[in-house]
Amino acid sequence: MNIYTVKQGDTLYSISREFGVPAGLIAIWNSIPAPYELVVGQSLLILTPSSMYTVKEGDTYDSIARSTNTSKIEIFANNPNLLGGMAPLYAGQTVVISFAETPQESVIMNGYAYPYIETQTLYYVLPYLSNLIPFTYGFTPQGALVPLDDEKLISAAQNGRTGALMHLSTLTENGTFSSERAVELFSSPAAMDTLARNVLETIREKGYRGLDIDFEFIPGTSAADYASFIRQLRLMLNPEGYEVIAALAPKTSDTQPGVLYEGHDYALIGEAANAVLIMTYEWGYIYGHPMAVAPISAVRDVLDYAVSRIPPEKIYMGLPNYAYDWILPYKQGYSRAALIGNDEAVDIARRFGAEIKFDEASQTPYFYYSDGGAQHEVWFEDVRSMNEKFALIKEYGFAGGGYWNMMRRFNQGFLLQNVTFSLIRPNLQRGNDS
């Protein structure tokens, strides 16, 4: 595997010749549209196909999988342009069957998605996930569930040999999130019991494999109550084979002040849940000043604290699949960044002739551009920054990672995952893994 940074004068074809890899594959792996204009400073993932197949008239995904002794899922994961089987095949098309880069470690990768995810994007992301997490169920003061239109996501996940986890948050009937709703719940044993039983019944009915619970902005006075409720859920769900994962704010100490942190007691929740997701992203955020979403030094500080309180094999590391575009100058309390995708960020740099730079301290790419009326600053993820994050998963010995979120395509990021880790998949009866 090579990670190449584009220099002035480079072309897709000159890079293709240098590495001996077809230009068309490099374009696919790095989401480079025709006419294949590169951006100075852009990073490219260069892989080494060890087996390729040329599509013949009448071929199907099933027939290719059989004739190459592989699975459709692996074909889809190696070829993001196939959109998880949504893209039609055509005679003469080149399909990568395997890469020389062979993963040495197995992990679980989970990812969140809203019910309105584009169908093609949904099928595109499934080959890179162990579990899809539809976002989100809430609850009423009495413990009834605020429903979620999750049938399409669950069905697609099962058909794609991917599991699904139920997501529970503090969403109210009005569509807003309320930490007060959680505090009210903790004061009512009857409501907690009702909610726990409703969660179990929904998991049974819909075919979920477990629960991801994410109560944010809980006051510190409710920290023990929250951990106790997570334990209650685990004791109810585990006997039926369902796991409980708790999402945690990115803390660096037991006494870190702030409403985002005080209600998440790492030691208590780490003991109460089967596993935790550390939300190691959102340092750069919509209303904040321009900076990296997940600067590597800040991420490492959180992970160092996390493993001092929770066994690393119970931890999933949060992974950002999004970027922000700020209009300059930044004005505290007034500026609002635009949420964009990582592939979209490079497209913007290409369209406005920007040069992509790389911040060594945060291990994150960024660039400036002018749209004719305003100056912009963009921070995003690329194969370099994701390589650093995947290295942390291996270094700390984590169970895997969790993406926020799967609503956008990110070819080089997901392909990098595919050659870095072997994905642990649930044992499902249905699906495309034939």
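Helices (H or I, at least four residues) and strands (E, at least two) are DSSP runs, numbered from the N terminus. The model is predicted: local features need pLDDT of at least 70, side-chain atom pairs count only at pLDDT 80 or more, and totals for chains, interfaces and linings use all residues. Residues are numbered from 1 along each chain as its sequence is written, and side-chain values use heavy atoms, with hydrogens and water left out.

View A. Buried means under 20% relative accessible area, exposed over 50%, partly exposed in between (1.4 Å probe, protein chains only). Gly-397 follows α13, with a positive phi near 75°.

**View B. Helix α13 against helix α14.** The two axes come within 9 Å and cross at roughly 35°. Axes are lines fitted to C-alpha atoms, for helices over the stretch in contact, and angles run from 0 to 180 degrees between N-to-C directions. On the α13 side, Val-383, Met-386, Asn-387, Phe-390 and Lys-394 make the contact. On the α14 side are Gln-412, Gly-413, Leu-416, Gln-417 and Thr-420. Contact means heavy atoms within 4.5 Å.

**View C. Helix α8 against helix α9.** Helix α8 (residues 189-206) packs on helix α9 (residues 223-237) at about 40°, with axes 10 Å apart. That angle makes α8 oblique to α9 (under 35 degrees is roughly parallel, over 145 roughly antiparallel, 65 to 115 roughly perpendicular, the rest oblique). α8 passes α9 in a right-handed crossing. Among the α8 residues that meet α9 are Met-192, Leu-195 and Val-199. Their α9 partners include Phe-229 and Leu-233.

**View D. Phe-367 in strand β18.** Strand β18 spans residues 364-370 and holds Phe-367. Phe-367 is buried, with a relative accessible area of 0%. Beyond neighbours within four places in sequence, its contacts include Ala-345, Ile-348, Ile-356, Val-378 and Phe-380.

**View E. Helix α12 and its cover.** Buried residues of α12 (residues 342-352) include Ala-345, Ile-348 and Ala-349. The cover over the buried residues of α12 includes β14, β15, β18 and α14. Gly-353 follows α12, with a positive phi near 70°.

Definitions and conventions:
A crossing is left-handed if the near helix is turned anticlockwise from the far one by less than a right angle, and right-handed if clockwise.
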